[in-house]
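Visitor: Please show me the model, and let us go through it by question and answer.

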Amino acid sequence: MTTVTETEVLRDALGLLRDREEVAERLLASSAKHSFDPDKELDWDAPFEDGKWFWPPELLSLYDTPMWRRMSEDQRFELARHEAASLGSLGIWFEIILMQLLVRHIYDKSVTSNHVRYALTEIADECRHSMMFARVIKQGGAPSYPVPRLYHNLARVLKTVSTTPGSFAATLLGEEILDWMQRLTFPDERVQTLMRGVTRIHVVEEARHVRYAREELRRQMVTAPAWERELTRVSCGEAARVFSTCFVNPKVYENVGLDRREAVAQVKASGHRREVMQNGAKRLTDFLDDIGVLRGVGRRLWQSSGLLA
């Protein structure tokens, strides 16, 4: 599957890997041209618009379920507001984990390298994103929705023991599915202007983060020992299961006046929801399959998460 020549040219199933420094140099140049300060870029003082969604209705967890068809239009708008807050809360939790994993990744590397400079640039991006998400949650008036305490504490273990390929596989899991949804959100004129602005900034800057993580994961899956590659497959599959479980906090349903158990059951049974989540993950799962991550137990965990058919 892999070849390492005497000159350290690396190749995987997708072809030759680019030099780390060259990739980072290009990403740094892109960051210099296309980075945003959300506090200045977005109009935080503008009122929310009547009759506009906080999240596209087709991307809401209950869309096209029997419960959805019974809900009033006002209740559907409320569901969108609370689900947007839940996703923003999940994003902040995940980005805090990602920042710590990036710091661990660069700890032993040359501080003057482009690779480390770009990692620090990405950490700065993620700091701004987390503050932006927190501000839009507060602005929207819905509560924040922390992940369940079990997963919050399990993440402490992940941050401590994760290997480098496992860290970058988890990074892509958190980034690419939300990115797919946000690419549908920011051009959607049915959605609140502020939400569209938030998702536009995130999509533009996350494109660089995805490139960095993909290139590094490819490199790690070529150079890591067999035990580490296998651990990455399993840990990535378990991360997919946790991520899909935490995607929408069930407290959302209670807060919009719905029966929590019935709502959760209908989401699990929803063919539309399953299709949305698998479509959102498809670009990532195709990539992970190509580079040898979706194998054995790891693949079965991905399938049990509902993100892979």
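Guide: First, a term: the expected span of a helix is 1.5 Å times one less than its number of residues. Helices (H or I, at least four residues) and strands (E, at least two) are DSSP runs, numbered from the N terminus. This is a predicted model, in which local features need pLDDT of at least 70, side-chain atom pairs count only at pLDDT 80 or more, and totals for chains, interfaces and linings use all residues. Residues are numbered from 1 along each chain as its sequence is written, and side-chain values use heavy atoms, with hydrogens and water left out.

Visitor: How far apart are the end C-alpha atoms of helix α1?

Guide: Helix α1 covers residues 20-33, which is 14 residues. At 1.5 Å a residue, the helix should span 20 Å. The model agrees: the end C-alpha atoms of α1 are separated by 20 Å.

Visitor: Which residues of α1 are buried?

Guide: Buried means under 20% relative accessible area, exposed over 50%, partly exposed in between (1.4 Å probe, protein chains only). The buried set in α1 is Val23, Ala24, Leu27, Leu28 and Ser31. They sit on the same side of α1, because they cover an arc of only 135° around the axis; the arc is that of the directions from the helix axis to the C-beta atoms. An α-helix has 3.6 residues a turn, so residues three or four places apart point the same way. So the buried side of α1 is marked by Val23, Ala24, Leu27, Leu28 and Ser31.

Visitor: Which residues are exposed on the other side of α1, and what covers the buried ones?

Guide: On the other side, the exposed residues are Glu25, Ala32 and Lys33. Contact means heavy atoms within 4.5 Å. The cover over the buried residues of α1 includes α5 (114-140) and α8 (193-223).

Visitor: What joins glutamate 22 and arginine 26?

Guide: Both residues are in helix α1, four residues apart, which means a separation of about one helical turn. Glutamate 22 is partly exposed at 29% relative accessibility, and arginine 26 is partly exposed at 48%. A salt bridge is a side-chain nitrogen of Lys or Arg within 4 Å of a carboxyl oxygen of Asp or Glu. Their side chains meet, N to O at 3.3 Å, in a salt bridge.

Visitor: Which residue forms a salt bridge with glutamate 41?

Guide: The closest N and O atoms of this pair are 3.2 Å apart. The pair links distant parts of the chain, 159 residues apart: glutamate 41 is in helix α2 (residues 38-41), its partner in helix α8.

Visitor: How many salt bridges does the structure hold?

Guide: Another pair is lysine 52 with glutamate 49, with closest N and O atoms 3.7 Å apart. Asp125, Arg128, Glu205 and Arg208 are linked in a network of salt bridges. For the structure, the number of salt bridges is 26.

Visitor: Is histidine 105 buried or exposed?

Guide: Histidine 105 lies in helix α4. Leaving aside neighbours within four places in sequence, histidine 105 is in contact with Arg20, His115, Thr164, Phe168, Tyr212 and Glu216. Its relative accessibility is 7%, so histidine 105 counts as buried.

Visitor: Which residues does isoleucine 106 touch, not counting those up to four places away in sequence?

Guide: Isoleucine 106 lies in helix α4 (residues 73-106). At 9% relative accessibility, isoleucine 106 is buried. Its C-alpha atom is 6.0 Å from that of valine 116, 10 residues apart along the chain. The residues touched are Val116, Ala119 and Leu120.

Visitor: What is phi of aspartate 64 near?

Guide: Aspartate 64 lies in the loop between α2 and α3 (66-70). Aspartate 64 is partly exposed, at 44% relative accessible area. Phi has a positive value here, in a residue other than glycine: near 65°.

Visitor: Which residues make the nonpolar surface patch of about 370 Å²?

Guide: Patches are made of residues with over 30% relative accessible area and no salt bridge: like charges are joined within 9 Å, nonpolar side chains (Val, Leu, Ile, Met, Phe, Trp, Tyr) within 5 Å. Accessible areas come from the Shrake-Rupley method with a 1.4 Å probe; for residues, only the protein chains shown count as cover. Leucine 150, in helix α6 (residues 149-161), counts as exposed at 54%. The patch is made by Leu150, Leu154, Val157 and Val161.
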